[in-house]
Number of protein chains: 2
Amino acid sequence: MAEKAFQDFYPDHMAHCYGCGRLNEYGHQIKSYWDGDESVCNFQPKPYHIAIPGYVYGGLLASLIDCHGTGTAAAAGYRAENRSMDSEPPLRYLTASLHVDYLKPTPLGLALEVRGKVKEVAGRKVVIDEWIVANGVITVRGSVVAVQIPDEMLKELLN
Amino acid sequence: MAEKAFQDFYPDHMAHCYGCGRLNEYGHQIKSYWDGDESVCNFQPKPYHIAIPGYVYGGLLASLIDCHGTGTAAAAGYRAENRSMDSEPPLRYLTASLHVDYLKPTPLGLALEVRGKVKEVAGRKVVIDEWIVANGVITVRGSVVAVQIPDEMLKELLN
């Protein structure tokens with residue numbers, strides 16, 4: 001895919017996240033893209049991302065909701081300002097709140113589709129509604145409240 | 001510690017979970033214990049469980065809330081029936097719903113204490129309130145709604 005993922009725009013100091021950092025060799029390195037008004041991330045769990053035999057670990061599903069949510073929040077922040085993700089000033093988000101409803105067990109072995117939709121962009125806060133699809137069936141619904149990293153923390157990171 | 005953890009009572013077919021299964025060599029293998037009316041789990045994140053430099057990945061914290069919650073739910077289920085965790089019939093729980101509020105960034109490098117308190121035991125459902133403490137400071141609050149695994153799914157697992 002020639003299109004750059006949201007996470008490919010993160011500068012190096014923000015690219016170590018276990019869930020979505022391209023520089024974390026132990027992490028999930030998820031990649032999120034726009035698909036019209038929704039965002040999408042395809043992810044293949046490893047065999048050891050197991051809950052009970054045959055099903056995906058809920059903590060991994062929560063992690064996908066988390067990082068796809070903050071990625072979508074960042075992309076939505078730039079979109080709301082009508083500018084590209086590599087423009088200045090940078091918009092960096094952290095998760096303030098995460099909610100996940102496990103509607104039914106998610107089968108292990110399939111590629112999963114994580115989808116997101118921006119519910120609200122209000123100042124430094126973005127709310128994203130999300131859902132995970134396995135083989136055409138929605139197994140998980142969740143939401144993320146993401147907030148822009150406080151400027152002071154961002155300064156610390158850059159020093 | 002001579003005391004067995006909640007997770008040490010899980011039978012082998014339930015001990016593969018990435019978060020708390022003692023048989024998952026790639027997983028977190030968390031251990032939860034009673035501490036009076038509360039439950040406690042001590043966990044040392046790895047250096048690569050990073051969000052932004054210096055802080056713990058939120059998806060890992062969600063995973064700790066998840067598995068410590070289902071472990072506490074199981075222990076609470078047995079306690080409500082006034083019997084030990086190795087007695088029959090077995091009580092097995094799955095996460096129905098997970099909520100996590102990140103009150104402040106959790107510093108990376110410290111041992112974390114995850115604590116839980118049973119809010120409700122109602123039939124097949126148990127609600128657990130939880131919080132994570134780093135160096136004496138509560139950085140995360142969360143809750144888990146755990147439900148007993150449907151008998152049919154349990155039968156499938158055992159076959």
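Mentor: Two strands pair if DSSP finds at least two bridges between them. Helices (H or I, at least four residues) and strands (E, at least two) are DSSP runs, numbered from the N terminus. This is a predicted model, in which local features need pLDDT of at least 70 and side-chain atom pairs count only at pLDDT 80 or more, while totals for chains, interfaces and linings use all residues. Residues are numbered from 1 along each chain as its sequence is written, chains are lettered from A and ligands numbered from 1 in the order in which they are written, and side-chain values use heavy atoms, with hydrogens and water left out.

Trainee: Which residue in the turn between strand 5 and strand 6 of chain B has a positive phi?

Mentor: Asn135(B), with a phi of about 55 degrees; the hairpin has 2 residues between its strands. Strand 5 (residues 125–134) and strand 6 (residues 137–148) of chain B run antiparallel and are joined by 10 bridges. Within that pairing, Val126(B) stands opposite Ala146(B) of strand 6.

Trainee: What takes a positive phi in the hairpin of strand 1 and strand 2 of chain B?

Mentor: Gly36(B), near 65 degrees, in a hairpin that has 2 residues between the strands. Strand 1 (residues 33–35) and strand 2 (residues 38–43) of chain B pair in the antiparallel sense over 3 bridges, and Tyr33(B) has Val40(B) as its bridge partner.

Trainee: Which other pairings does chain B contain?

Mentor: Strand 2 of chain B also pairs with strand 4 (residues 112–122), antiparallel, over 6 bridges; there Asn42(B) is partnered by Glu113(B). Strand 6 of chain B is joined to strand 3 by 9 antiparallel bridges, with Val140(B) as the bridge partner of Tyr102(B).

Trainee: How should I read the relation between the two chains?

Mentor: In general, two copies of a chain are related by a rotation about an axis and a shift along it. Here a rotation of 180 degrees with 0.0 Å of shift superposes chain A on chain B, at an RMSD of 0.0 Å (least squares on the C-alpha atoms of residues with pLDDT of at least 70 in both). The two copies are therefore related as by a two-fold rotation axis.

Trainee: Which residue of chain A comes closest to the rotation axis?

Mentor: His99(A), whose C-alpha is at 2.2 Å. The contact residues of chain A recur in chain B at 100%, so the same surface serves both copies (contact means heavy atoms within 4.5 Å).

Trainee: How many residues of chain A are in contact with chain B?

Mentor: 36, against 36 residues of chain B. Buried area is the accessible area (1.4 Å probe) that two parts lose on being put together, summed over both. For these chains it is about 3000 Å², 65% of it on carbon and sulfur atoms. Tyr18(A), Ile52(A) and Tyr57(A) supply 22% of the area that chain A buries against chain B, more than any other three residues.

Trainee: Which element gives the most to the side of chain A that touches chain B?

Mentor: Strand 3 of chain A, with 9 residues. Strand 3 of chain A also pairs with strand 3 (residues 93–102) of chain B, antiparallel, over 5 bridges. In that pairing Asp101(A) has Ser97(B) as its bridge partner.

Trainee: How many salt bridges does the rule find across the interface?

Mentor: 0 between chain A and chain B, where a salt bridge is a side-chain nitrogen of Lys or Arg within 4 Å of a carboxyl oxygen of Asp or Glu.
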